[in-house]
Amino acid sequence: MKVLVTVKEVAEADDDFAIEGTDIAESDLEYDLNEWDDYAVEAAVQLAEAGIADEVVTVTVGPERSEETIRMALAKGADRAVRVWDDALDGGFADVASKVELFEAVVAEEEPDLILGGVQAADTGFGATGVALAERIGFEHAAVVNDLDVDADAGVAHVHRELEGGVEELTDVDLPAVLTVQTGLNEPRYASLRGIRQAQRKEIAVKALSDLGLTAEDVESALTLTSMYEPESESDAEIIEGDAGESAGRLAEVLRDKGVSA
Amino acid sequence: MSVLVAAEHRRGELRDVSYEAITAGRELADARGVDLHVAVVAGDVDAFAEELNREGVDAIHAVADGEEFDHNAYRAAASTLADRVDAGAVVLPNSVNGLDYAPALAESLGVPLVTDAVGIEYDDGLTVTREMYGSKVETTVDVEGDRFVLTVRGGEWPPAEGVGDATVETADIDLPESGARVTGFEEVGGGDVDIADADVLVSVGRGIEEEENIELIEDLADALGATLSASRPIVDNGWLPKNRQVGQSGKVVTPDVYIAVGISGAVQHVAGMKGSDTIVAINTDPNAPIFDIADYGIVGDLFDVVPELIDEFA
């Protein structure tokens, strides 16, 4: 079977950051592979190693900068990548439906049997693209999967969904399906030197909207980001000052007052 | 037009997020001057309907179908009811199950979706307050048009209370055969120790950096006569077992003293420990959200502070 993995390059804010307009200043952002997607890539590569997946293709919506992140996924074992980008996608606040529009077009070209992606992106945190995509393309789905066993012959994925409060739901999902992957599903590997070298030769196909039969109108967002600000600290914590020894000493007093002792 | 809220239950119990979603839904219904409808799907819908009849609810629709959550049934029921009651706004809990069908519902209704709202304002249109960049910032997002699906974060709206005078009707809806079948549930995190029983917890997070450094925090727990617990990344990495995890998907704990070491305080973690009597945080980042709920804080490197603290109790 063919596995498509949605991979996002996410921005992470430095500890100290400034807000310019409705976003964090570019100089205060670091870009990386979305943590949840790292687990999705690992799950797909493990399916390939187990002989269940014949091909693992990643798909990313992102500018040229994101190729560094895509190469990371390729170095971990994905076979090739599709990167979708267009000037029409630059600068706006994409809604779920516009992302689904792009992924739907890629799915039509790639015809995967299984689509894996992270539960959410670390930066925008919508947690919605995978399930919306499944609805659009007529695939089954499961969200927040933390255990996965694919029975390709039976056409079923046996999954656990991580519910709140230490409870997991055991579900059988018919293929083809979209599964959104929770952290902890597996142990994402580090790229080996050999993997990194091989990744340089793997294909990243770049697609503009027109290549996918889409226009700027198809990806217009219904959402507008109108402001961004640092939430007011509600902290009334007593911050204990001093060097490590002094602050530990004062904290020890506080803890003894509260009855803490071995 | 109206507002529709879909309730959530598990293993025979309505979940609190259902009542919170009703409060958020009522807020929207008041702003728009319309009725609030509540849907409940599967399980003992008659009993659930009675419990959901809280102040401010105008109508309850009970859809009998199986015992437990099935995203296809929920999506189809909510979609059909949204059409029937002309619901411009559909409000759902931003829970694991909410996220398993809200995006599909918005897609099938062809309306925008905003998830994980922590605040809403409705004037000419909807403005949603939500966080970004791992809770480091808040944003406001304007939604085009007057129809949308919204999921609301748990604990942000008070639960609806009182007894309402809602009409209750059994909704007859054809539900699709599902390609996803729940075969059971599993409790995780059993084992030798129950962190929920501890009076003092020393909890370790991502700031510990390496597995071998966990020992330092074990030493601290020993010195303080405390029990060791952890935030999610530590358990994801397999450095401590699942039964040590504090948070939304782990255990909810309320010890006398909770000492968070190298834990930034993501909302999922805070949900599991904010009821602790005294909260102490040790973290290098002065802006870490853990300090918002801490009673005492040390802004500093845990690798400097913790050995000194162990010495104090040695």
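Mentor: A helix here is a DSSP run of H or I, at least four residues long, numbered from the N terminus. The model is predicted. Just after helix H1 of chain B comes B:Gly33, with a positive phi of about 65 degrees.

Trainee: How do you know that the length of H1(B), residues 16-32, agrees with its number of residues?

Mentor: The expected span is 1.5 Å times one less than the number of residues. H1(B) has 17 residues, so it should span 24 Å. Its end C-alpha atoms are 25 Å apart, which agrees.

Trainee: What makes H1(B) mostly covered?

Mentor: A residue is buried if 20 or more other C-beta atoms lie within 10 Å of its own. In H1(B), 13 of the 17 residues are buried, so the helix is mostly covered.

Trainee: Which residues touch the most other members of the largest nonpolar core?

Mentor: They are A:Ala44, B:Leu4, B:Ala39, B:Val40 and B:Val91, in a core of 131 residues. Helix H1 of chain A, residues 35-49, gives the most to this core, with 8 residues. A second, separate core has 49 residues, including B:Ile217 and B:Val261.

Trainee: Why are S11(A) and S13(B) called paired strands?

Mentor: Pairing needs at least two bridges. Strand S11 of chain A, residues 167-174, is joined to S13(B) by 7 bridges, so the two pair. They run antiparallel. One of the bridges links A:Val173 with B:Ala180.

Trainee: How many residues does each chain put into the contact between chains A and B?

Mentor: Chain B gives 72 and chain A gives 71. Strand S13, residues 180-187, gives the most to the chain B side, with 8 residues. By class, that side has 31 nonpolar, 20 polar and 21 charged residues.

Trainee: What makes domain 1 and domain 2 of chain B separate entries?

Mentor: The domain assignment does: domain 1 is 2-170 and domain 2 is 195-313. Their C-alpha centres lie 34 Å apart.

Notes. Residues numbered from 1 in each chain as written. Chains lettered and ligands numbered in written order. Predicted model: local features only at pLDDT ≥ 70, side-chain atom pairs only at ≥ 80, totals over all residues. Core = buried A, V, L, I, M, F, W, Y, C linked by C-beta atoms within 7 Å. Buried ≥ 20, exposed ≤ 12 C-beta atoms within 10 Å, placed from the backbone. Contact = placed C-beta atoms within 7 Å. Nonpolar A, V, L, I, M, F, W, Y, C, P; charged D, E, K, R; others polar. Domains from an automatic or database assignment.
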